[in-house]
Amino acid sequence: MGKKTLTLQMIEWEDATHLNPTQAVWSDLNEAITEADSGPESCVSVGFVVRETPGYVLLAQSKSSDGEQVCGLFKIPKGWIRKRKAFK
């Protein structure tokens with residue numbers, strides 16, 4: 001097959017947050033609400049766009065030189081994406 005072109009992009013997105021990740025303990029309700037109101041985790045991912053649908057973007061961390069194989073797939077829901085930048 002011919003060489004496939006995959007666009008390299010940087011995607012800034014917000015991830016779900018696990019509160020108290022190192023502890024499975026009871027929390028005071030008001031403290032839990034205060035911690036939850038601190039906002040989501042901001043993330044930045046850079047990769048090759050393998051597929052894009054109305055619901056998600058699928059990035060690959062690496063690709064072969066002919067673009068026929070990819071590695072390190074990462075699926076980001078579109079509703080979580082805040083900013084995108086394509087590299088040429």
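# Exercises on strands and rings

S62 stands opposite C71 in β4. Keep that pair in view as you start. The model is predicted: local features need pLDDT of at least 70, side-chain atom pairs count only at pLDDT 80 or more, and totals for chains, interfaces and linings use all residues. Residues are numbered from 1 along each chain as its sequence is written, and side-chain values use heavy atoms, with hydrogens and water left out.

## Exercise 1: β3 and β4

Find how many bridges join β3 to β4, and which way the strands run.

Step 1. Locate the strands. β3 covers residues 56-63 and β4 covers residues 70-77. Strands are DSSP runs of E with at least two residues, numbered from the N terminus.

Step 2. Count the bridges. Seven join β3 to β4. Two strands pair if DSSP finds at least two bridges between them.

Step 3. Read the direction. β3 and β4 run antiparallel.

Step 4. Check a partner. V57 has I76 as its bridge partner in β4.

Step 5. Look at the turn. Six residues lie between the strands of this hairpin. G67 takes a positive phi near 75° there.

## Exercise 2: β2 and β3

How many bridges join β2 to β3?

Step 1. Trace β2 along residues 41-52.

Step 2. Count again. Four bridges join β2 to β3, and the strands run antiparallel.

Step 3. Look between the strands. β2 and β3 form a hairpin, with three residues between them.

Step 4. Check a facing pair. F48 is opposite A60 in β3.

## Exercise 3: Aromatic pairs

How many aromatic pairs does a search of the whole structure find?

Step 1. The search finds two. Rings of Phe, Tyr and Trp (its six-membered ring) pair if their centres lie within 6.5 Å; planes under 30 degrees apart are stacked, over 60 edge-to-face, the rest tilted.

Step 2. Take W13 and F74. Their centres are 5.6 Å apart, with 55° between the planes, and the pair is tilted. W13 is in strand β1 (residues 8-15) and F74 in strand β4, 61 residues apart.

Step 3. Check the cover. W13 is buried, at 6% relative accessibility. F74 is partly exposed, at 37% relative accessible area. Buried means under 20%, exposed over 50%, partly exposed in between (1.4 Å probe, protein chains only).

Step 4. Take W13 and W80. This pair is stacked, with 6.3 Å centre to centre and 10° between the planes. W80 lies in the loop between β4 and β5 and W13 in strand β1, so the pair ties together parts 67 residues apart in sequence. W80 is partly exposed, at 34% relative accessible area.

Step 5. Join the pairs. W13, F74 and W80 form a cluster linked by ring pairs.

## Exercise 4: Charges over rings

Step 1. Start at F48. K63 lies over its face, 5.3 Å from the ring centre. The rule: NZ of Lys or CZ of Arg within 6 Å of the ring centre and within 35 degrees of the ring normal.

Step 2. Go to Y56. The charged end of K75 sits over the Y56 ring, 4.5 Å from its centre.
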